[in-house]
Amino acid sequence: MDNQVCNFIGGKWIPAQSGRTFESRNPATGQTIVQCADSGVEDVRQAVSAAREAFDSWRRLPAPRRGELLYRVAERLVHEKESLARTLTSEMGKVLVEARGDVQEAIDMAYYMGGEGRRQFGHIAPAELPHKSACAIREPLGVVGLITPWNFPVAIPAWKSFPALIMGNTVVLKPSPDTPFTAALFVKILEEAGIPPGVVNVILGSTPQAGEALVKHPDVALISFTGSTATGGKVASDAATHHKRVALEMGGKNAILVMEDADLELAVEGIVWSAFGTSGQRCTACSRLIVHRAVKDRLATLLLKRMQMLRVGNGLDPETDVGPLINQSQLDRVHEFVKAGQQEGARLLAGGYPLTEGEYASGCFFAPTLFDQVTPSMRIANEEIFGPVLTVLEVENLDEAISLNNSVEYGLSSALYTQDVNRAHYAMRELRSGIVYINAGTIGSEVHLPFGGVKATGNGHREAGQAALDTFSEWKSIYVDYSGQLQRAQIDMN
């Protein structure tokens, strides 16, 4: 893997059958990191075939033994954490402390799902007829296709693959073309931990072709996709044609609600972390700040002061707070949203432009941006920007704030700052999002609780926690009649 990052199929690192490659670049410097296999349909077919061939032996391996393998994966991840985090920062751009957190989430998930090797509990229920037992157990689906984004190139593949593996499925992973090297290193760690050949496979590619082939392959039982809502809709449509399951984790337009009784100093820290951490490139990032009018001006003053302290730069520099955007296309997209906000009448308080001079000249840097006087009908108040852009919307009371939070098409994460326990519990019930934080920002989910959203954010499935087991398994109901005679269920004998 030194000169070219290859596909991993059937336990072997092999180039794309076409021989084509593409470049992975550092978004902070523009420099090429590695050449990667540029896969097509035939590579996907080969990977699915390897996963299908490995499935029976893997599903028959006792689940506790599968769990022990995940424990070994966790140990390898701990050992490789710093090296993997540095590669992640070089390829994706997020600051090093965040990259370490990305790897730590994979470590946490490996340990958590390893424990599920002994906890795949089913159901035992009384049968309605005498001398008969009834129970339900979980079974794996088969080959699962995982299509993952670039913003969490270790954590999200781990969040998807570890529950899939502990349930006895085999995996074909298709990572983002922006972070292929990090994904390949993650899979190499699984290989070194002893995951059998064919159980985990990775296909790299620069175009949608490989992902589309994975979605449409008849031997892939489920597609788990994280990415944009537009792409997720196409994945769901294509998968439905082939009668397969789909788990979608898509966009967000998350809000922090700040009431007049909030601890504003605490709120500012949560807002800055949620809006500008990972340069705003999280599905849970805060891009809307819904503030009670009584404290809006004071909060804006504190926020601007705190934003002035943010250092934009290369994520490998320990002094950096905000790294680059992932690529030039995303930089252009964020800039277009800023221009749209200005054209619609929002007041630009800070930022709003690409950074192009000096140390920024070769990278994809954008200044942390704050808009005031934003109205609910503006594009910047409704559409996912996926960059370091925060909009301020003013409200009169909590009910108006909740209504505004719920008005967008997404429903992933929301947060409320208040010191009133009654209002906090009221908001927990009324906020229409899959994740709710009280007196904290919109980011920071934990692996033992379900992760996902409502409305256009997803299609009802959840990642992490026990809910992930439901995504990657199906139920089998079992009845055992030991009466020695025919007993006819659902027959009225009276």
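Ala, Val, Leu, Ile, Met, Phe, Trp, Tyr, Cys and Pro are counted here as nonpolar, Asp, Glu, Lys and Arg as charged, and the others, Gly among them, as polar. The structure is a predicted model, in which local features need pLDDT of at least 70 and side-chain atom pairs count only at pLDDT 80 or more, while totals for chains, interfaces and linings use all residues. Residues are numbered from 1 along each chain as its sequence is written, and side-chain values use heavy atoms, with hydrogens and water left out.

A pocket is an open set of points on a 1 Å grid over the protein atoms alone, with protein on both sides within 12 Å along at least five of seven lines, whereas a cavity is a set where a 1.4 Å probe fits but cannot get out; lining residues have an atom within 4 Å of a point. The second largest pocket has a volume of about 390 Å³, a volume being the space filled by probe spheres set on grid points joined across faces, edges and corners. Of its 21 lining residues, Glu-105, Phe-152, Trp-159, Arg-282 and Ser-445 are the closest to the centre. The lining comprises nine nonpolar, five polar and seven charged residues, and its largest share, five residues, comes from helix 3, where helices (H or I, at least four residues) and strands (E, at least two) are DSSP runs numbered from the N terminus.

The largest pocket holds about 1,100 Å³ of space, and among its 40 lining residues Phe-225, Thr-226, Gly-227, Ser-228 and Thr-231 lie closest to its centre. Helix 7 gives the most to this lining, with six residues.

Helix 7 itself covers residues 229-241, and its 13 residues should span 18 Å at 1.5 Å a residue, which agrees with the 19 Å between its end C-alpha atoms; the expected span is 1.5 Å times one less than the number of residues. Within helix 7, Gly-232, Val-235, Asp-238 and Ala-239 are buried, that is, under 20% relative accessible area, with exposed meaning over 50% and partly exposed in between (1.4 Å probe, protein chains only). Because these four cover an arc of only 130° around the axis, they fall on the same side of helix 7, the arc being that of the directions from the helix axis to the C-beta atoms. Ala-230 and Thr-241, on the other side of helix 7, are exposed. Just after the helix, His-243 takes a positive phi of about 55°.
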